[in-house]
Amino acid sequence: MAVTIRVLIADDQQLVRTGFQMILDAQPDMEVVAAVADGAEAVSEARRLRPDVCLLDIRMPKLDGLEVTRVLAGPGVENPLRVVIVTTFDLDEYVYGALRSGATGFLLKDSGPTLLIEAVRAAAAGDALVSPSITVRLLQHLAQPRRPAALPVNDPLTERELDVVRLVARGRTNQEVAGELFVSLSTVKTHLGSIQAKLGVRNRVEIAAWAWESGVVS
């Protein structure tokens, strides 16, 4: 029997909550377990239900989406939940704030149903998905290093791991990385696990951010 992805939706607009719920509940492998209108309720319901993925709007009453993300998925949180930020606001500071607060994905509300479904599946699988329109701007911004981030000296990445990092930083999926490097999907996943351990990062968004900040890609 297929595993069902349990999703929590938090958005202060009834129309958005209903629309997302209809799209996700129509998927054979998804179930919306809660749809709430404010950040405080999002936190309490997420802690109570432990959904596989939380879809959070940024601007909400009581607690905004960034604060909810920090509480549920931020640095130092035990057993962090997986958060995808969904918003109409694609202002850069929101993107950086969300990703640094622990979000694994960031989508604009007009991304369409297909990307929404993909983002939920990616987050549930431990991958990250950021709206393509945002990715380019985000990475350009990160390409201007605010601090010199040298390669870790103790345990440097291998040439093959650097190849994987460069492709991840350009937004390639695991499948695409495997195809471009002529290796198996399981090999790519092994490399990603090793890269995350060496860099001390939690997901591919943080790998991409490190790659651009340290000049591995330009």
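Predicted model: local features only at pLDDT ≥ 70, side-chain atom pairs only at ≥ 80, totals over all residues.
1. Next, have a look at lysine 62 and aspartate 38, whose salt bridge has its closest N and O atoms 3.8 Å apart. This pair links distant parts of the chain: lysine 62 is in the loop between strand 3 and helix 3, while aspartate 38 is in the loop between strand 2 and helix 2, 24 residues apart. Lysine 62 is exposed at 69%, whereas aspartate 38 is buried at 12%.

2. Another salt bridge joins glutamate 161 and lysine 198 at 2.9 Å, N to O. Glutamate 161 belongs to helix 7 and lysine 198 to helix 9, so the pair ties together parts 37 residues apart in sequence. Glutamate 161 is buried, at 5% relative accessibility; lysine 198 is partly exposed, at 21%.

3. An unreviewed UniProt entry places "modified residue: 4-aspartylphosphate" at Asp57. Aspartate 57 lies in the loop between strand 3 and helix 3 and is buried, with a relative accessible area of 3%. Its contacts beyond four places in sequence include Asp12, Thr87 and Lys109. A network of salt bridges links Asp11, Asp57 and Lys109.

4. Finally, arginine 202 is in the loop between helix 9 and helix 10 and is partly exposed, at 37%. Among the residues arginine 202 touches are Ala73, Gly102 and Gln196.

How values were computed:
Residues numbered from 1 in each chain as written. Heavy atoms only, no water. Helix = DSSP H or I, 4+ residues; strand = E, 2+ residues; numbered from the N terminus. Buried < 20%, exposed > 50% of the residue type's maximum accessible area, 1.4 Å probe, protein only. Contact = heavy atoms within 4.5 Å. UniProt positions renumbered as here; feature names shortened; annotations may be inferred. Salt bridge = Lys/Arg side-chain N within 4 Å of Asp/Glu carboxyl O.
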